Amino acid sequence: MSHGSAPKPATARKSAALTGTVHIPGDKSISHRAFMLGGLASGETRITGLLEGEDVINTGRAMHAMGATIRKDGDEWIIRGTGNGALLAPETPLDFGNAGTGCRLTMGLVGVYDFESTFIGDASLSKRPMGRVLDPLREMGVQVKSTAGDKLPVTLHGPGTPGPLIYRVPMASAQVKSAVLLAGLNTPGITTVIEPVMTRDHTEKMLQGFGAELSVETDNAGVRTIRLEGRGRLTGQVIDVPGDPSSTAFPLVAALLVPGSDITIRNVLMNPTRTGLILTLREMGADIEVLNARLAGGEDVADLRVRASELKGVTVPEERAPSMIDEYPVLAVAACFAEGATVMKGLEELRVKESDRLSAVADGLKLNGADCDEGRGFLVVRGKPGGKALGSASGGRVKTHLDHRIAMSFLVMGLASEHAVTVDDATMIATSFPEFMDLMTGLGAKIEQE
Ligand code: S3P
């Protein structure tokens, strides 16, 4: 596992035109939820296109530890769930590695059960705030034991009968929304989540798909009220996971930046709660053609043809942040090559991702000759079209802080910079995108691992 293994630096160099067609591995958010809901539902769930990254595999292990059977037959994952309300007490701590989503959603899923469950993770996950999930769980009657002030390791013990909650999510977080809804599955009565700013809606859609009684009402101001009837029956489903738009972002931005590039990316999830980056890049002048737009398994999916483009800086509307929250590091890299300034605001949540992504990005950009200013919740990048003087002539290494998206973003930067860009560790890329190196080099990217 990346968090236990020795760091492996990697270097990306100025590349010739990227060309070819790629298929992006499955969406991480949907893959986690497919394992969780499949592991909980009665009967069999069959999943194709599952992301086989370390984060998702850890969620599968956790579901197995709580009674689900999981096997792989060819390309298909086959899960036999316990039935809603029938998870078993895990005998050992559940180790989520690097994965905030796996950990926080499972805290909701099992935390309300009347037994103990313990959650652990790697050095990155152990620094991340869990109070945002633990607070609503406490309100539902869950006892929380933590020696590290709402950080991992955490042990939960649910009450005999959890109390249904009406919970207004205090920050734009799909993980918090989802944790409360999943806790509601084993809670009698109606659990209500009020979401003032819409975040990715995979939990709602997939719960409905598995047969949960769940309704969503949106008022004129865009505030969403999600109501879930607890203790209903969930039934196994057939799921084909579309390609991850957050992983798509890396070859996509690389193709925009490397002159002469022309690539096609197949089977990309185009759920509007996830497409903020595409919108923003198009406003910057990116040539991204959406082909074969279609519906698959209740989700919008399309192929993307991306051609190298001259970008110009923009101000990204703050309210767009939830729909591109994981894409700011690679957008900041794109902005380094744009004419003028790109202003990104409303980025406070970036400080509590796999790393403090705002400072990791700003530090890495400065190390590689970019012109940027970092504030508490904003980043401004002034671009250098053509990549002149970008990269590190002296071989300085970007500190990735166990953060896969920092590693991939800076490797993309190196493909179009005058000098090479080196990251101090590329092993954790396997948490979300194990195929990254092969896929990028297959398109013609010059990336080498030490
Ligand atoms: C995710 C939600 C987001 C995102 C993460 C995946 C999810 O986190 O950054 O990569 O699958 O629900 P937050 O809920 O912390 O915004």
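I take a polar contact to be a pair of N or O atoms within 3.5 Å; within protein, one atom must be able to donate a hydrogen and the other to accept it, and residues adjacent in sequence count only if both atoms are side-chain atoms. I note that the model is predicted, that local features need pLDDT of at least 70 and side-chain atom pairs pLDDT 80 or more, and that totals for chains, interfaces and linings use all residues. Residues are numbered from 1 along each chain as its sequence is written, and side-chain values use heavy atoms, without hydrogens and water.

**Ligand.** A polar side-chain atom of Arg33 lies 2.7 Å from an oxygen atom of the ligand. For Asp326, I found a side-chain N or O atom 2.7 Å from a ligand oxygen. For Lys353, a polar side-chain atom is 2.7 Å from an oxygen atom of the ligand. The residues around the ligand (a heavy atom within 4 Å) include Thr101, Gln175 and Arg200.

**Helix pair.** I then examined helix 3 (residues 100-111) and helix 5 (residues 174-184), which pack at about 30° with axes 6 Å apart. Helices here are DSSP runs (H or I, at least four residues), and strands are E runs of at least two. The two helices are therefore roughly parallel, a term for angles under 35 degrees. The contact (heavy atoms within 4.5 Å) involves, among others, Thr101 and Arg104 of helix 3 and Gln175 and Ser178 of helix 5.

**Loops.** I recorded a cis peptide bond between Leu152 and Pro153, with omega about -5°. Pro153 sits in the loop between strand 8 (143-146) and strand 9 (154-157).

Terms used. Axes are lines fitted to C-alpha atoms, for helices over the stretch in contact, and angles run from 0 to 180 degrees between N-to-C directions. Angles under 35 degrees count as roughly parallel, over 145 as roughly antiparallel, 65 to 115 as roughly perpendicular and the rest as oblique.
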